[in-house]
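This briefing covers the nonpolar core of a protein and the setting of one of its helices. Please have the sequence and the model open while reading.

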Amino acid sequence: MTAIKRNFFRLLRAGVFGKQESIEPLSPWKWRRIYQLSLFHGVTDYIRQGLNVCKDDYFVTLILPELREKWKKTIVQTEETNDDEVMTGFTNPLLDRKLQAIIDQESSKEETPTRLLLLNIVNNTRSILNEGISLPLLIELAQMIRKPQNGIDHDKLQTWINSLRLQPMADLLGTLLVSYFSFTAEELPFLKKNLDKMAQQLVEELFNETELSTDEWYFTQKEDQIFVRTHNSRAMFWHVGHSARYSRLYPTEAVTNFIKSFANSLTHIEE
């Protein structure tokens, strides 16, 4: 992992958890690269908070003033909302009915921490099958687990994970939290098997995708705010390869998920 990527995750962790991290020296170009990464992945606020937490670090003090100003003023705005960006369950009807049955079994009509955690794992799963890692969703998962007295019933959560056959995806998410967000295995009772190689592959895709999609970014400025618009026009062959790569972790959902994504892509092409 390069210094850019290491610093990116250090600042992300600092912003999410408020704990100072040691920052490596970077050139102005590399700092701009981290800025672009934060825009592309929708984590500008967290990186900005991380910079504030690490403001006394010597190498953070060397960031160019104009780039600091950009970080302060940036608002991320997406040009269009894909149907798959609003994820409320599974695309597989049988799995979705089973998920709904689990939710309906709960005596409380209000969302409980355990139920919310399960739904977050489901949404992270669909994101990984569709697009790769969603950093905002993964951060949400990390925050749920790290929240003091989070009220999570781990036995009930594990029962649900087993019922939905989500264990491989839960293992992948747990591995990502351990490897890139400094979690311990003890904090993640649902983590049964380390999938380090696949987690590394996903993270590499996270950064490689940014480089491939740079020509799809649009920057505009209005008054004192910078707006970043992204239009995702993924090549179909990339999606086929990505889906095939991770489908073995959750084949029951992967097939219907790919069919729906394929149909959605055709719709956008026609438009």
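Which residues does F8 touch, not counting residues up to four places away in sequence? They are I34, L37, S38, V43, I47, L135 and F207. The model is predicted.

**Nonpolar core**
- The largest nonpolar core has 72 residues.
- F8, W31 and L166 are the residues with the most contacts inside this core.
- Helix 1 (residues 3–17) gives the most to the core, with eight residues.

**W31**
- W31 lies in helix 2 (residues 28–40).
- W31 counts as buried because its relative accessibility is 2%, where the cut-off is under 20%.
- Leaving aside residues up to four places away in sequence, W31 touches L11, I23, L26, L51, F59, I63, L67 and W71.

**Helix 9**
- Helix 9 (residues 154–163) has L157, Q158, W160 and I161 buried.
- These residues are on the same side of helix 9 because they cover an arc of only 160° around the axis.
- An α-helix has 3.6 residues a turn, so residues three or four places apart point the same way.
- The packing partners of the buried residues of helix 9 are helix 6 (93–105), helix 7 (113–130) and helix 10 (167–180).

**Ends of helix 9**
- At the N-terminal end, D153 caps helix 9, with a side-chain oxygen 3.2 Å from the backbone nitrogen of D155.
- Just after helix 9, R165 has a positive phi of about 55°.

Notes:
Residues numbered from 1 in each chain as written. Predicted model: local features only at pLDDT ≥ 70, side-chain atom pairs only at ≥ 80, totals over all residues. Heavy atoms only, no water. Core = buried A, V, L, I, M, F, W, Y, C linked by side-chain atoms within 4.5 Å. Buried < 20%, exposed > 50% of the residue type's maximum accessible area, 1.4 Å probe, protein only. Helix = DSSP H or I, 4+ residues; strand = E, 2+ residues; numbered from the N terminus. Contact = heavy atoms within 4.5 Å. Arc of directions from axis to C-beta. Polar contact = N/O pair within 3.5 Å; in protein donor to acceptor, adjacent residues only side chain to side chain.
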